[in-house]
Amino acid sequence: MSDRKVVLEALQQELQERLSRYHAHQHREAGSLEKDFAEQAVQRQNDDVVDGLEAEAKQELRQVQRALERLAEGEGDVCENCGEEINPARLKVLPFSTRCVRCAGQSLN
Ligand SMILES: [Zn+2]
């Protein structure tokens, strides 16, 4: 049980670090304005990719924090949707799960 908390906290930290790197990327120095058009186009494309990654990481972080909250409330093993116990094997593979396999359906969450 406490193992899962350790895993989740490590995951949380990793995601926060990743987000601050994305943030730094999006707010880099103004020198980028002097680049030629082709380079700017590539850069905008990269920005879109980073935007996508950032959104993904943010969502993942929310999920991890939610799992940590439920863990703190003593409900970490219980599906937030139906109240059934979540399969321990599932929690091992997906420590941030807050739903049982049945309620999560095809989604990983
Ligand atoms: Zn359920």
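User: What share of the contacts in the protein with a separation of 6 or more comes from residues 24 or more positions apart?

Analyst: This is a predicted model. In it, residues 24 or more positions apart make up 51% of the contacts that have a separation of 6 or more.

User: Which secondary structure elements does the protein contain, and how do they run from the N terminus?

Analyst: The protein has four helices and zero strands. From the N terminus on, the order is α-α-α-α.

User: Which atoms coordinate the zinc ion, and how are the donor residues spaced in sequence?

Analyst: The zinc ion is held by the SG atoms of Cys 79, Cys 82, Cys 100 and Cys 103, at 2.3 Å. Their spacing in sequence is C-x2-C-x17-C-x2-C.

User: Why is the arrangement around the zinc ion called tetrahedral?

Analyst: Four donors count as tetrahedral if all angles lie between 85 and 135 degrees. The four donor atoms here subtend angles of 104 to 115°, and therefore the arrangement is tetrahedral. For comparison, the ideal angle for four tetrahedral donors is 109.5 degrees.

User: How much of the protein counts as buried?

Analyst: Of its 109 residues, 28% are buried.

Methods
Residues numbered from 1 in each chain as written. Predicted model: local features only at pLDDT ≥ 70, side-chain atom pairs only at ≥ 80, totals over all residues. Heavy atoms only, no water. Helix = DSSP H or I, 4+ residues; strand = E, 2+ residues; numbered from the N terminus. Buried < 20%, exposed > 50% of the residue type's maximum accessible area, 1.4 Å probe, protein only. Contact = heavy atoms within 4.5 Å. Donors = N, O, S within 2.8 Å, 3.2 Å for Na, K, Ca; no water. Tetrahedral: all angles 85-135°; square planar, octahedral: opposite > 155°, others 65-115°.
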